[in-house]
Amino acid sequence: MYSIGLDLGGTLSKVALVASDGRMLAHRRLPTAAGRAPAAVFAGLRNELEAMAREAGLPYPPPQGCGVGVPGVVEPNSGWLRLSGPLGWRDVDLAVLASQALACEVVADNDVNAGALADLWFGEARDSRDMLYVAWGTGIGAAFVVGRTLYHSRGAAMGNFGHMPADPSSHRLCYCGCRGCLEIEAGGKAMVDQVGERLAGGESSTLAESREPVTPERIAGAAAAGDPLARSVLDRSALLMARALAGVLAFLNPDTVVFSGGVSRCFPLVQKTFDRELRLRTPSFSLPLTRVVQSRFGDSAGVVGASLLPKNKVPQ
């Protein structure tokens, strides 16, 4: 028995055939071609998925359905996509369209919600009751699990952790219309932008010695090698993340916080800064009750979690 997981990104999508115990039986990375019509995207995915099933000796369509994780606002009970900026899609009957194209049941949700399911069932939160799952990459998002069930809010807008106020003195304007949001101050793109601003302002850094574009990975590498500018950018991001998380812990008091995403892999470099600020800002009656851990899934959380969406379907 298996289900399909689809983790759709703006430039790259991950697809996998996933067994009931969470093992990926087959998986591929495919270009998404953001801006293509949804029907064309799923028609192409159908061919790939059928070929993967044949090669793995599995039947198609999948007996346990298909889950689709999308970066955007998705109505989980209907699978209606209101907006996905990275994909360039708006007002799409996503679950119905994908079901017709793939010839199987399809359940759609936000990609961060999908990723949370992977750690809830097979990862760091498999023994947890209430979990906050934070995706810290280019952008920042979150999912919340209550009583081992994903929490969905009215309008499907809950989980925009990246739009928590982080720096009220900041001049940086976020696309949401506010200034100083966590994502625009501490996300991966924000870190790259800050390095660029400081280099343009005349500060020195080993990051300026190469023609390669600055990336969060290069910033982390420079910081590990002792570069002061890179280190200060990473430390500031960790400090702001800890402050934002402290407010959530005081309010929601989950037993587990799981971090995933590319920037979160820099944790070993900023652990002391993060831990010190979290202890300073979190009430003493909340922090001892919460584990803060790193996802064990790396960049496969979204696709494994998406495969779990059919059995975690939100009732209509």
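## Surface and basis of the model

The chain exposes about 14300 Å², of which carbon and sulfur atoms supply 54%; accessible areas come from the Shrake-Rupley method with a 1.4 Å probe, and for residues only the protein chains shown count as cover. This is a predicted model, in which local features need pLDDT of at least 70 and side-chain atom pairs count only at pLDDT 80 or more, while totals for chains, interfaces and linings use all residues. Residues are numbered from 1 along each chain as its sequence is written, and side-chain values use heavy atoms, with hydrogens and water left out.

## The chain as a whole

The secondary structure comprises nine helices and 13 strands. Both are DSSP runs numbered from the N terminus: helices are H or I with at least four residues, strands are E with at least two. The chain has a radius of gyration of 20 Å, close to the 20 Å that the globule rule gives for 316 residues, so it is as compact as a globular protein of that length. The radius is taken over C-alpha atoms, and the rule is 2.2 Å times the number of residues to the power 0.38.

Along its principal axes the C-alpha trace spans about 55 × 50 × 35 Å. Of the 316 residues, 50% are buried (under 20% relative accessible area, with exposed over 50% and partly exposed in between; 1.4 Å probe, protein chains only). Among contacts (heavy atoms within 4.5 Å) with a separation of 6 or more, 63% are between residues 24 or more positions apart.

Five strands form an open sheet in the order 3-2-1-4-8, with mixed pairing; two strands pair if DSSP finds at least two bridges between them. Strand 3 (24-31) and strand 8 (106-110) are the edge strands, each pairing on one side only. On average, neighbouring strands of this sheet are turned by 15 degrees against each other, direction ignored. Axes here are lines fitted to C-alpha atoms, for helices over the stretch in contact, and angles run from 0 to 180 degrees between N-to-C directions.

Strand 1 (residues 2-7) and strand 4 (residues 66-70) run parallel and are joined by four bridges. Leucine 6 stands opposite valine 68 in strand 4. Helix 1 (residues 38-56) packs on the sheet, touching strand 1, strand 2 (12-19), strand 3 and strand 4, and its direction makes about 150 degrees with that of strand 3.

## Glycine 5

Glycine 5 lies in strand 1 and is buried, with a relative accessible area of 0%. Beyond its neighbours within four places in sequence, glycine 5 has contacts that include Ala16, Gly67 and Val303.
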